[in-house]
Amino acid sequence: MSKNYLEPAAEIPVFDECEVLVVGGGAAGHSAAIAAARAGCKNVVLMERYGYMGGDVTGGYVIMVPDLSWYEKSFVRGLQEEWFTRLEAIPGAVRGPAMRRLGSTDPLLVDAWKNIHDCVSRNVNSPNRLVRAVYFEPNQLKIELDKMLLEERDRIRVYCHCWGTKPIVENSQVKGVIFESKEGRRALMAKIVIDATGDGDLYSQTGAPYFSLADGRTRSATTALVYRIAGIDWNLYQEWRRSRPELAMKVRECVTRIAGFNSMPLPTNQNDMCWINNWHGDMDCTKIKDLTQTEMATRDTIRDVIAYLKEAIPTAFGNAYLYDIAPQTGNRCSRRLDAEYVMNPGDFAFASRFDDVIAWHSTICQINDCGPVEIPYRAILPKGIDNLLAPGRHFGANEVAIDWLNLIPQCVGTGQAAGIAAAVAAADGTTARSVDIRKVQDLLVEQDVPLPRHPGVDPSYTECCEAHEYGLFTDMAKEAKTNPEYFKNFRQW
């Protein structure tokens with residue numbers, strides 16, 4: 001429609017004021033708020049549109065976090081690893097290789113964990129080894145994320161059921177956010193604002209440049225509505241797959257055909273339950289029609305998928321039933337920040353180094369054998385706008401690299417860094433752009449985040465990378481070094 005309505009001017013009450021405002025309580029936003037408080041900020045506000053924290057993790061049922069380690073080293077630590085350290089105290093809440101087993105090539109352990117997707121390394125040219133990949137119960141994580149906030153209740157004020165809709169910008173600086181709630185339209189003023197909406201809902205309205213949806217052929221250009229099936233036996237299902245490899249290859253094909261979109265059963269934190277992940281292609285999670293289509297099309301086929309699995313694999317799925325459906329749509333990518341630095345496949349193929357590194361993560365990228373890649377502070381820093389940071393799945397990465405960088409660990413890692421940077425800037429009276437990055441890095445290391453070349457980090461992390469050539473022994477990495485056009489049409493998914 002081309003019609004317009006002219007909204008009358010109105011005064012908007014200021015609801016609250018703070019030093020650091022985080023909009024969005026997902027993996028990035030929750031981490032940003034916690035990190036800011038632990039870095040010394042005493043006036044943090046965390047705004048979330050739902051009634052719980054975690055976003056895609058707890059609401060979209062992204063219930064597995066992959067590739068937290070490389071060989072024997074746990075590269076993804078900080079708040080990400082703290083989630084699981086806390087949950088391990090709850091019986092059955094987490095499932096995955098223990099930290100002491102990282103990198104193990106013990107054939108018995110490797111065989112035991114092969115049943116659990118991503119717990120064993122993927123490179124076919126080297127011995128299989130155990131990887132820190134963790135499956136967890138999303139409702140237990142919801143509780144734990146709340147507990148982390150309650151521990152900082154003197155420094156963090158949490159406002160749920162509030163939807164940040166518009167940034168307040170003056171002289172190219174963000175001063176706060178207008179939000180909507182049951183109480184009406186209100187303003188919340190802040191020294192530093194962190195856009196952790198996942199879709200760039202705020203930075204896209206500031207005049208800062210950004211990119212649109214990733215290429216339609218990538219994983220990032222898909223949406224999902226995840227659901228869980230209980231009453232199954234995952235180990236029996238894996239035994240069935242191993243004994244009937246030809247038939248097993250058809251399971252995903254048949255489930256996809258019945259659903260009408262790419263679908264796949266995956267393990268959970270317990271043997272009697274699996275989740276059905278799905279990929280609705282060429283979707284934009286900022287479009288109302290695409291979100292609606294994703295939810296309704298998935299729910300319309302759930303019963304058919306379960307009925308098929310019960311009939312086709314009765315030994316493992318004979319007693320299967322629908323356990324629950326994720327309370328929110330699984331969103332993978334929409335807008336991407338045209339940041340001060342935009343990450344690209346070359347950063348994986350050439351082991352790029354950054355003086356402003358804020359995370360050093362093993363990832364799902366096969367170019368460097370899932371080895372660590374450095375993420376710079378500039379990748380969460382918008383161009384032309386100050387006092388705004390943009391961690392999470394909408395940060396600065398091109399249409400190919402975003403597929404390896406918009407997963408939960410990178411959301412947590414960039415969120416933790418953004419929170420610390422905001423706290424340092426507020427305390428020092430600087431801006432997000434002029435913040436003392438060395439102070440930020442020192443505080444990250446204090447918060448258990450290993451960073452390359454930092455004197456406070458165990459040198460064995462760098463030694464591990466050097467011993468294994470930073471993963472650049474793969475055919476893809478070698479090809480990239482000799483062919484400048486290699487990544488032009490490159491797609492991993």
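Which residues have the most contacts inside the largest nonpolar core?

1. Before you start. This is a predicted model, in which local features need pLDDT of at least 70 and side-chain atom pairs count only at pLDDT 80 or more, while totals for chains, interfaces and linings use all residues. Residues are numbered from 1 along each chain as its sequence is written, and side-chain values use heavy atoms, with hydrogens and water left out.

2. The main core. Trp83 and Tyr377 have the most contacts inside the largest nonpolar core, which has 131 residues. A nonpolar core here is a set of buried Ala, Val, Leu, Ile, Met, Phe, Trp, Tyr and Cys residues joined through side-chain atoms within 4.5 Å; buried means under 20% relative accessible area, exposed over 50%, and partly exposed in between, with a 1.4 Å probe and protein chains only. Helix α11 (residues 408–428) gives the most to this core, with 11 residues. Helices are DSSP runs of H or I with at least four residues, strands are runs of E with at least two, and both are numbered from the N terminus.

3. Around Tyr377. Leaving aside neighbours within four places in sequence, Tyr377 is in contact (heavy atoms within 4.5 Å) with Asp356, Ile358, Leu389, Ala421, Ala432, Val435 and Ile437. A second, separate core has 21 residues, including Cys162, Val174, Val177 and Ile385.

4. Ala208. You will find Ala208 in the loop between β11 (184–195) and β12 (210–211). Ala208 is buried, at 4% relative accessible area.

5. Helix α2 and Gln80. Gln80 sits in helix α2 (residues 78–87) and is buried, with a relative accessible area of 1%. Beyond its neighbours within four places in sequence, Gln80 contacts Val65, Leu68, Ile408, Pro409 and Val412.

6. α2 against α4. Helix α4 (residues 138–151) packs on α2 at an angle of about 110°, with the axes 10 Å apart. Axes are lines fitted to C-alpha atoms, for helices over the stretch in contact, and angles run from 0 to 180 degrees between N-to-C directions. The two helices, α2 and α4, are therefore roughly perpendicular; angles under 35 degrees count as roughly parallel, over 145 as roughly antiparallel, 65 to 115 as roughly perpendicular and the rest as oblique. Trp83 is among the α2 residues that meet α4, as are Leu79 and Glu82.

7. α6 against α7. The axes of helix α6 (residues 245–259) and helix α7 (residues 288–312) come within 9 Å and cross at roughly 150°, so α6 and α7 are roughly antiparallel. Cys254, Val255, Ile258 and Ala259 in α6 meet Thr301, Asp304, Val305, Tyr308 and Leu309 in α7. These residues divide into 7 nonpolar, 1 polar and 1 charged.

8. Two backbone details. Asp282, in the loop between β16 (273–281) and α7, has a phi near 55°, a positive value in a residue other than glycine. Asp282 counts as exposed, at 56% relative accessibility. Ala351 also has a positive phi, about 50°, although it is not a glycine. Ala351 lies in the loop between α9 (345–349) and β20 (357–362) and is partly exposed, at 22% relative accessible area.

Note on methods: Nonpolar A, V, L, I, M, F, W, Y, C, P; charged D, E, K, R; others polar.
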